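Please look through the structure below before reading the note. The points are meant to be checked against it one at a time.

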Amino acid sequence: MSHNRRSVLGATLALPAALTAGGLAAATPAAAVTGTVDAGAWTALVLEPGITPSAGATPEVRLVTIAGTVFLQARGLVTCSLTADAKIGRLPDGFALPTGYVRAAVPRNNSQGINACRFEINPTGSVSVFGANTSSPITWVQFDSVQTIWR
């Protein structure tokens with residue numbers, strides 16, 4: 001199994017529970033917790049017209065289970081021309097739907113000092129980006145920072 005930045009980061013999320021159970025001396029090391037990671041396959045988002053995947057950085061999602069908790073991870077980059085909140089795509093067919101709204105802050109082009117926007121997946125699987133307007137258009141969005149509890 002490869003150990004990338006996300007698997008190590010995800011494993012550290014399980015560490016606080018171990019710390020409360022028996023103190024730091026008795027805590028399970030993060031490296032040992034990675035043995036309980038079940039990572040699904042990366043699957044490409046279905047993008048709306050006008051939303052273009054960046055070459056070599058196709059927007060993808062997967063579900064990862066760490067110590068019994070399911071997380072959504074996303075990666076990739078899109079270019080676009082958004083001047084209002086917009087649906088940019090949907091989850092791939094057959095992908096598990098969330099039981100509620102899933103939100104994360106993601107990097108975007110810097111416009112008037114604003115360099116982040118809200119990434120959201122609703123319970124029907126629609127993926128939207130919030131924060132664009134005519135005076136601060138969004139021209140690209142990166143999803144690599146998305147790691148959030150799924151259900």
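The points below cover the basis of the model, its salt bridges and its nonpolar core.

1. Basis. The model is predicted, so local features need pLDDT of at least 70 and side-chain atom pairs count only at pLDDT 80 or more, while totals for chains, interfaces and linings use all residues. Residues are numbered from 1 along each chain as its sequence is written, and side-chain values use heavy atoms, with hydrogens and water left out.

2. Salt bridges. Side chains of opposite charge can pair when their charged atoms come close. A salt bridge here is a side-chain nitrogen of Lys or Arg within 4 Å of a carboxyl oxygen of Asp or Glu. The model has 5 salt bridges by this rule.

3. K87 and E48. The closest N and O atoms of this salt bridge are 3.6 Å apart. K87 belongs to strand β8 (residues 86-90) and E48 to the loop between β3 (46-47) and β4 (52-53), so the pair ties together parts that are 39 residues apart in sequence. Strands are DSSP runs of E with at least two residues, numbered from the N terminus. K87 is partly exposed, at a relative accessible area of 38%, and E48 is also partly exposed, at 28%. (Buried means under 20% relative accessible area, exposed over 50%, and partly exposed in between, with a 1.4 Å probe and protein chains only.)

4. R75 and E60. In this salt bridge the closest N and O atoms are 2.7 Å apart. R75 sits in strand β6 (residues 69-75) and E60 in strand β5 (residues 60-66), so the pair joins parts that are 15 residues apart in sequence. R75 is partly exposed, with a relative accessible area of 31%, whereas E60 is buried, with 17%.

5. E120 and R103. Their side chains form a salt bridge at 2.6 Å, N to O. E120 is in strand β10 (residues 114-121) and R103 in strand β9 (residues 102-111), 17 residues apart. E120 is buried at 7% relative accessibility, but R103 is partly exposed at 43%. A network of salt bridges links R103, R118 and E120.

6. Nonpolar core. Such a core is a set of buried Ala, Val, Leu, Ile, Met, Phe, Trp, Tyr and Cys residues joined through side-chain atoms within 4.5 Å. The largest one has 28 residues, and those touching the most other members are L72, L82, F119, I121, I138, V141 and W150. Elements giving two or more residues to this core include β5, β6, β7 (77-82) and β12 (138-142).

Definitions and conventions. Helix = DSSP H or I, 4+ residues; strand = E, 2+ residues; numbered from the N terminus.
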